[in-house]
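Here is a short report on one protein model. Look at the sequence and structure first, then read on.

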Amino acid sequence: MGLPLSKYVWFDGKYVVTEKAQVPITTHAIHYGTSIFEGIRAYWNGKNLHIFRLDEHVKRFRKSGQFYDISLNFTDKEISDAIIGICKKNKIKKSCYIRPFYFVGDYGINLHVTKKAPTNVAIFTFPFGDLFNKNGITASVVSWRKFSDNSTPTQAKMGGNYLNSIIATQEAKRNGVDEAILLDQDGNVSEAPGENIFIVKEGQLITPSLSSSALEGITRDAILKIGKDLDIDVIERDFKRSELFMSEEIFLTGTAAEITPVISMDSKKIGTGKPGDITKKMMQEYLDIVMNKNIDYAHWLLSLIHISEPTRRTPISYAVFCVK
């Protein structure tokens, strides 16, 4: 499925048209999955574009490559400026998804990747709305397990790691549900293929601990903070599959998924079969934050402030940016 990519992408320090951002077939990442990526959301509220938690994404972007000694040969500021710049260059006036990634380039079939291995960096963006139905989705626990830190670093957002997510998603789709839930190697609930998972029991908000091989998601972290600010009892702990069925509510979190209710698990209705009160509260809080309607979390947004459309007598100037 092709993506409606913006006209310009950022590639190794330059803005180029999408068609010219090409790599050779000997690119190491194509053969071995040696790529690192982030998913970032920017929200258009009718006036301005707001990039959500840019600093946190850029920090994780670099850290993921460090697990494998794969070099990101640009500073954090250069990457942040490039992300801002690609939105400005394409004159984005819609909510969008931003994908920065870097990868080992023309390195042959050598498995000894070092900091000196050549890398490329690219950033593209495209319009993006809801990944899932916000009225709720169905899910099931799949037979495939989440890989363990004993074999591969679970906190690295590496391209190769997501083969585990792909095979889990395939099984879920064959089972006729919208999304998969993976258990860890010890049989504890871990996460979905591209999302963290939360359950609600007796008013408590519970999510698997990172020891379950779950990714330390940025949206997950946001929900933990929002929950505490709302005086909800927030707990990070391991739990078994059976607790999913005893839950009053279940929802998933992620950059692409945002806050997505799960209303059925393994064909069993969760709660009333509709998004629960805490889930709906989190969805609304999150929406208010990313649309810059909650000043308490304005520091999570970087705003590209639209000035005005150019006229014949004024020079072309699209936007300036500020960090709140």
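## Strand β15 and its neighbours

In this predicted model, β14 and β15 form a hairpin, with 3 residues between the two strands. The strands run antiparallel and are joined by 5 bridges. Leu252 stands opposite Thr260 in β15.

β15 and β16 form it, with 2 residues between them. Asp266 sits in the turn and has a positive phi of about 50 degrees. Strand β16 covers residues 268–269, and its pairing with β15 is antiparallel, over 2 bridges. Ser264 has Lys269 in β16 as its bridge partner.

β15 also pairs with strand β8, residues 137–145. This time the sense is parallel, over 3 bridges. Ile137 has Val262 in β15 as its bridge partner.

How many cavities of 30 Å³ or more does a search of the whole structure find? The search finds 1. The largest cavity holds about 40 Å³ of space.

Which element gives the largest share of the lining of the largest cavity? β15 does, with 3 residues. β14 and β15 each supply at least two lining residues. Among the lining residues are Glu249, Ile250, Pro261, Val262 and Ile263. By type, the lining divides into 6 nonpolar, 2 polar and 3 charged residues.

## The largest pocket

The largest pocket holds about 1100 Å³ of space. Its lining is made up of 44 residues. Tyr97, Arg99, Leu131, Gly194 and Ala256 lie nearest the centre of the pocket.

Several elements give two or more residues to this lining: α2 (54–66), β6 (96–104), β7 (119–127), α4 (163–174), α5 (218–229) and β14 (249–254). Which of them gives the most? α4 does, with 4 residues. The lining residues divide into 21 nonpolar, 13 polar and 10 charged. β14 gives two or more residues to the pocket lining, and β14 also supplies at least two to the lining of the largest cavity.

## Aromatic pairs

A search of the whole structure finds 13 aromatic pairs. One of them joins Phe126 and Phe128. The pair is edge-to-face, 5.8 Å centre to centre, with 90 degrees between the planes. Phe126 is buried, because its relative accessible area is 8%, under the 20% cut-off.

Why does the pair of Phe198 and Phe251 count as stacked? The ring centres are 5.1 Å apart and the planes are at 10 degrees, so the pair is stacked; the limit for stacking is under 30 degrees. This pair links distant parts of the chain. Phe198 is in strand β11, residues 196–201, and Phe251 is in strand β14, 53 residues apart. Both Phe198 and Phe251 are buried.

Ring pairs also build a cluster. Tyr97, Phe101, Phe103, Phe124, Phe126 and Phe128 are linked in this way. Tyr97 is also one of the residues nearest the centre of the largest pocket.

## Charges over rings

Two side chains place a charge over a ring. Arg53 lies over the face of Trp300, 4.4 Å from the ring centre. The charged end of Lys146 sits over the ring of Phe147, at 4.9 Å from its centre.

Technical notes:
Residues numbered from 1 in each chain as written. Predicted model: local features only at pLDDT ≥ 70, side-chain atom pairs only at ≥ 80, totals over all residues. Heavy atoms only, no water. 1 Å grid on protein atoms, 1.4 Å probe; cavity = no way out; pocket = protein on both sides within 12 Å on 5 of 7 lines; lining within 4 Å. Points joined across faces, edges and corners; volume = space filled by probe spheres on them. Nonpolar A, V, L, I, M, F, W, Y, C, P; charged D, E, K, R; others polar. Pairing = 2+ DSSP bridges. Phe/Tyr/Trp six-rings, centres within 6.5 Å; stacked < 30°, edge-to-face > 60°. Buried < 20%, exposed > 50% of the residue type's maximum accessible area, 1.4 Å probe, protein only. Lys NZ or Arg CZ within 6 Å of the ring centre and 35° of its normal.
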